[in-house]
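Hi everyone, thanks for coming. Let me put the structure up on the screen, and then we can walk through it together.

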Amino acid sequence: MESRVAVEEKLVVRKKFRDRFRVALVYPNVYRVAMSNLGYRILYHMLNNDDRIYCERFTYDSSRSLETGSDLRDFDLIMFSYQYELDLVKIAEIIVRNGLFNKPKIVGGPCTYNPFLLKPFVEYVYIGEAESKLQAFIEAIMENREDEEIAKIEGIYVSSISSNVTKTYPHILDTFLPSLQVSSNYTIFGDALMVDVSRGCKWGCLFCLGRSIYSPYRERSIDQLIQTIGEGMVKGGYSSLVMIASDLNNYSNLDELLEYVEKLMNYRKFKVIAPSLRADIINEKLLEVLVKSGEKTVTLAPESSEEVRFRIGKKIRDEVLLEACKIFKKTGIKKVKLYFMFGIPGETIEDLKTIVKIIEEISKLGLKVKVSANPFIPKPHTPLQDAEFEDPRELREKLKFLKKKLGKVLTTDGVKQAYIQAIISRGDEEIGKLILEVLGKYGVFSLKLLRREMEKIGLDINEYARWGSPEKPWKKIKL
Ligand code: SF4
């Protein structure tokens, strides 16, 4: 059934599409998630700044474009965002459902660092950050250049010919950052202006994909941030300002930035949101600004017990976590969201007990606690890329234990979803083909159907989940 999300939006780009190169920007998740992604917004405005192009948005719940209600088949180029493993299934589904096999398609986003699964259903994969070479790629498509030529563009993986590709990224981060961004009330942050203060991370957590793919650590200049935030918050009239960084406390000019944001808050009221912080460097001024703006929640990712946490490179002691939470409480923060993983190699039930204990101690401080716990999935290009994904039976037992101890405080995506993610995360071309086959044959995707198709050709699904593809193809991609 054809559908179009009907949401009141601001700052939508309106153009006539006749005689323009039409780009469909597809986010394979629901509108609320899509519109909470800064990369999606940057791309939309970056492409629409070119008068020859009209870029329109599609989300998983909007099979017609949000701008003009057009059909995906009406576009000259289809671009997909690939943010996490299960998006791959949705991308394949959208291609099959809409019969897009003869359209040029490119996929970009953090999960493209293993592009080999995409090979059976898309022509191009963008490996790196869009600001660097996306315009060169689109130019090449507009000029109908041969794939051999396109493969010479840095970061572009051409499914029919590429094997080794090196990622591409802007070395200096003062790249295009729109101050007047498309937005609506129906995002995770409400009607918000989003800015990325930095990319990459200075820390060395061994499991972290973000650190590997966005390295080296780069910051936006304070001048660019002040200019963007000032113009955006005054002219755009957003209700919130979201400042994205792997750890905002680390930003070199944080004091100056906060001083400016505070001044703006005196001029008009808005909420300041910092989606993730580290517990070992707490900037009280930042907390003060958050609380003053009306934001009462902070998010920390302790990941595991102290012992396992140190082993996987996140060297933060439990006492430091507790100390940070005491400061939160003191400054007026009411709620803490905590992210954990379980099933990390070498972890035992004792580790889970200490996880429960630290959560209880944080609750005792009088803070409302929400916990998200999901199985550890080894990611390509991280130091733990060859680690084992734990046996699902073990994982289920561990999850049962956590649920029993934590009750309603705990949310999880569950073991089954993690199992599919594990297969895709370190999968290969064969897995991509099988996902496409399942969708073509049955019209839907499920783990059961994938298992059935894998068994038919003698592939052991458990081994794929546990260790990934025996060929480990992603190792050919250079970050
Ligand atoms: S988990 Fe967080 S702190 Fe650790 S490397 Fe990744 S982004 Fe940095």
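Here is something to think about as you look: which residues have the most contacts inside the largest nonpolar core? Keep in mind that this is a predicted model. The answer is Leu25, Tyr126 and Leu241, and the core they sit in has 136 residues. Helix α14, residues 415-425, gives the most to this core, with seven residues.

Let's zoom in on Leu25. Leaving aside residues up to four places away in sequence, Leu25 touches Tyr40, Leu43, Tyr44, Cys55, Glu56, Arg57, Phe58 and Met79.

Now please find helix α7, residues 222-235. Which residues of α7 are buried? They are Leu225, Ile229, Gly232 and Met233. These four cover an arc of only 90° around the axis, which means they lie on the same side of α7. After α7 comes Gly237, with a positive phi near 60°.

Last stop: the ligand. Around the ligand you will find Cys201, Trp203, Cys205, Cys208, Gly210, Arg211, Ser246, Asp247, Arg278 and Lys314. How does that shell divide by residue type? There are four nonpolar, two polar and four charged residues.

Notes. Residues numbered from 1 in each chain as written. Predicted model: local features only at pLDDT ≥ 70, side-chain atom pairs only at ≥ 80, totals over all residues. Helix = DSSP H or I, 4+ residues; strand = E, 2+ residues; numbered from the N terminus. Expected span 1.5 Å × (residues − 1). Buried ≥ 20, exposed ≤ 12 C-beta atoms within 10 Å, placed from the backbone. Arc of directions from axis to C-beta. Near = placed C-beta within 6 Å. Nonpolar A, V, L, I, M, F, W, Y, C, P; charged D, E, K, R; others polar. Core = buried A, V, L, I, M, F, W, Y, C linked by C-beta atoms within 7 Å. Contact = placed C-beta atoms within 7 Å.
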